[in-house]
Amino acid sequence: MTQTTTRVLDPGELDAALAILDSEPVANAFVTARVRTAGLDPWRLGGEMWGWYADGRLRSLCYSGANLVPICAPPEAVRAFADRARRAGRRCSSIVGPAEPTALLWRLLEPNWGPAREVRGNQPLMVTERVPDTVRPDPLVRRIRKDELETIMPACVAMFTEEVGVSPLAGDGGLLYQARVAELVGAGRSFARIDDGKVIFKAEIGAATSRACQIQGVWVAPEFRGRGLSETGMAAVVRYALADVAPVVSLYVNDYNTPARASYRRVGFREVGAFMSVLF
């Protein structure tokens, strides 16, 4: 019989962990980017990386930090990760990952961790490898400079509050959130159109590896919505991403956000899978 076990990975298992992460470069972009930057040391990584082993070989991963993320996890691995998470108690603010394993993980944890504030069971994962011929990238969308952090922050807070349902300024006054925004600005991965000092459109490349990157935080100022700015703005960000970051650009979107899904399709994105998010 197959012998299985789970434990926290040690730094010497980095290559084995990366081999699993790299097997699905688009779906795993968020965690892969963190691991390639920080390694497996929990303090630098911002959480633990759990491994599921079958017959002594590492087969699946689960990132346990601010998010709980099952990675390349078949049902047996998900059950093992759920047992470990249940014993440890909930420390995360969300469970997020490919829809099928995430749904099973939540079913196993809900009796102990529930109720959730919100469950988003179907979030289409979309990708593109080209700048569309049919949408002209907005020439006014550009990288945000470090001295423009105070200009971009209100738009970032508005986007986060609208998308997640809570303000990122709660708890620590927004220190961690502002640090993350500053990190993306400093890395040249924050983009916006600013007219007369007002942010009209913004988006970030939140996770980036050499094989895939993920756009997040897409937002248009409410009074400018319905004018096609999300499409021309996204086309501009996709152009930057393909030129400077990775050959594949991805994002995931709530299934009920029909206008956004249609907009992304017009910019050349196609659906290749689905994510799921459980918010606490």
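I shall speak about helices, then strand residues, and finally loops.

This is a predicted model: local features need pLDDT of at least 70, side-chain atom pairs count only at pLDDT 80 or more, and totals for chains, interfaces and linings use all residues. Residues are numbered from 1 along each chain as its sequence is written, and side-chain values use heavy atoms, with hydrogens and water left out. Helices (H or I, at least four residues) and strands (E, at least two) are DSSP runs, numbered from the N terminus.

Let me begin with helix α5, residues 99-113. What separates the end C-alpha atoms of this helix of 15 residues from the span of a straight one? The ends are only 18 Å apart, whereas a straight helix would reach 21 Å at 1.5 Å a residue. The expected span is 1.5 Å times one less than the number of residues. Within α5 there is a kink of about 35 degrees at arginine 107, shortly before proline 111. The bend at a residue is the angle between axes fitted to the seven residues ending there and the seven starting there.

Several residues of α5 are buried, among them Ala99, Pro101, Leu104, Trp106 and Trp113. Buried means under 20% relative accessible area, exposed over 50%, and partly exposed in between, with a 1.4 Å probe and protein chains only. The buried residues of α5 pack against β4 (67-71), α4 (75-88), β5 (94-98), β6 (118-128) and β12 (270-279).

The axes of α4 and α5 come within 9 Å and cross at roughly 30 degrees, which makes α4 roughly parallel to α5. Axes here are lines fitted to C-alpha atoms, for helices over the stretch in contact, and angles run from 0 to 180 degrees between N-to-C directions. Angles under 35 degrees count as roughly parallel, over 145 as roughly antiparallel, 65 to 115 as roughly perpendicular, and the rest as oblique. Residues making this contact include Val78, Phe81 and Ala85 of α4, and Leu104, Leu108 and Trp113 of α5. Contact means heavy atoms within 4.5 Å.

In helix α9 (residues 258-266), the buried residues are Ala260, Arg261, Ala262, Ser263 and Tyr264. What covers them includes β6, β10, α8 (229-244), β11 (249-252) and β12. After α9 comes glycine 268, with a positive phi near 105 degrees.

I turn now to the strands. Serine 190 lies in strand β8, residues 190-195. Is serine 190 buried or exposed? Its relative accessibility is 2%, so serine 190 counts as buried.

Isoleucine 205, in strand β9 (residues 198-208), is buried, at 0% relative accessibility. Isoleucine 215, in strand β10 (residues 213-220), is buried as well, with a relative accessible area of 5%. With the same exclusion of neighbours within four places, isoleucine 215 is in contact with Ile205, Val237 and Phe269, among others. Isoleucine 215 and valine 127 are 88 residues apart along the chain, with 9.9 Å between their C-alpha atoms.

Finally, the loops. Most residues other than glycine have a negative phi, and most peptide bonds are trans. Which peptide bond is cis, with omega near -5 degrees? That bond runs from glycine 114 to proline 115, and proline 115 lies in the loop between α5 and β6.

Aspartate 55 has a positive phi of about 55 degrees although it is not a glycine, and its place is in the loop between β2 (48-54) and β3 (57-64). Aspartate 196, in the loop between β8 and β9, has a positive phi near 50 degrees. Aspartate 196 is exposed, with a relative accessible area of 85%.
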